[in-house]
Amino acid sequence: MYKLITFIIPVILLSGCINQPANITGEIYGFDLQAIARKNEATCKIEENGKFQQRVLIYKPTQGQGSLPISEGIPEGSWGKAKYLICEVYHSNPYSALLNFEFYNHGGKEKGIEVSPDSIQVDGKDEPRITVLIGVLPYMRSKVVLPLSFLDGQKIFLSRFPGQQKGYVSGHRIATENIGSVKLRLGPFETPGFMTTIEISSISLTNELPESYTEIDKPIVDRFGQWIDKDWTGKISTEAELTERMRKLERDVSNSSYPGNWSKYGGWKEKKF
């Protein structure tokens with residue numbers, strides 16, 4: 001009887017959580033998505049059955065509420081122990097989504113800049129110390145990987161990982177022990193055409209890279225390298241159309257020439273070195 005009770009209690013406790021990521025190895029801390037949703041009711045809600053077949057956080061920014069605080073409640077020292085920030089996401093917007101992770105400093109002062117307990121004051125406004133932007137393709141479950149080593153500001157472009165597009169880092173370096181808060185900003189955001197919504201299954205700090213999701217089961221680009229699930233003016237449909245467009249471009253530029261102070265190589269003649 002005792003063994004049965006000790007087995008049931010952990011199951012009951014875990015069943016109420018939604019920050020238990022699937023297949024995230026080496027986890028140090030799992031962010032509490034339900035708590036994030038409660039504190040950001042204008043932009044967030046919990047759905048029972050998302051693309052990940054579990055309870056997920058649905059995040060849709062609104063005018064004037066464009067960033068989502070995600071780091072509150074993280075135990076002290078967690079950032080220093082971790083190597084990666086992992087975010088499991090999915091979206092069905094007809095364009096790529098942009099995840100902006102904004103890191104704010106915790107305490108200290110810098111030359112010419114006043115630093116409050118959790119942000120930098122630039123012209124009287126709170127600004128992130130460093131920002132990492134990562135593109136995510138639509139209609140694909142993705143484990144977005146942010147190596148925390150890139151917060152040292154020594155590289156602009158992130159390493160490539162399955163399911164995510166090229167990412168880049170901007171701002172000033174920050175030591176992990178000095179991270180005060182982190183906000184997630186989602187884009188593009190512009191009414192009425194770009195009202196991006198994203199589904200988040202988990203956010204975690206880990207010391208190991210997670211397993212990526214399996215390969216997609218159908219092509220997402222056509223033979224011309226264009227996104228299959230979206231149409232737009234100028235999208236190529238046949239080889240003949242592509243050939244004619246290239247020939248038209250050739251005709252359009254055939255009588256063109258550089259300005260008089262440019263060389264035939266496109267260099268500016270006034271500057272020699």
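Modeller: Begin with burial: buried means under 20% relative accessible area, exposed over 50% and partly exposed in between, with a 1.4 Å probe and protein chains only. Threonine 131 is buried, because its relative accessible area is 16%. This is a predicted model, in which local features need pLDDT of at least 70, side-chain atom pairs count only at pLDDT 80 or more, and totals for chains, interfaces and linings use all residues. Residues are numbered from 1 along each chain as its sequence is written, and side-chain values use heavy atoms, with hydrogens and water left out.

Biologist: In which strand is threonine 131, and which residues does threonine 131 touch?

Modeller: Helices (H or I, at least four residues) and strands (E, at least two) are DSSP runs, numbered from the N terminus. Threonine 131 belongs to strand β10. Contact means heavy atoms within 4.5 Å. Not counting residues up to four places away in sequence, threonine 131 touches Asn100, Phe101, Glu102, Tyr168, Val169 and Ser170.

Biologist: Is glycine 153 buried or partly exposed?

Modeller: Glycine 153 counts as partly exposed, because its relative accessibility is 38%. Its place is the loop between β11 and β12 (164-171). Leaving aside neighbours within four places in sequence, glycine 153 contacts Ile130 and Arg173. Between the C-alpha atoms of glycine 153 and threonine 131 there are 9.9 Å, with the two residues 22 apart along the chain.

Biologist: How many residues of β11 are buried?

Modeller: Six of the six are buried, so β11 is largely enclosed by the rest of the structure. Ser142, Val144 and Leu146 point one way from the strand, and Lys143, Val145 and Pro147 point the other way. Two strands pair if DSSP finds at least two bridges between them. Strands β5 and β11 run antiparallel and are joined by six bridges; tyrosine 84 has proline 147 of β11 as its bridge partner.

Biologist: Which residues touch the most other members of the largest nonpolar core?

Modeller: A nonpolar core is a set of buried Ala, Val, Leu, Ile, Met, Phe, Trp, Tyr and Cys residues joined through side-chain atoms within 4.5 Å. The largest has 40 residues, and Trp79, Leu85, Phe101 and Phe103 touch the most other members. Elements giving two or more residues to this core include β5 (84-90), β10 (130-136) and β11 (142-147). Apart from this core lies another, of five residues, among them Val56, Ile58, Tyr90 and Tyr213.
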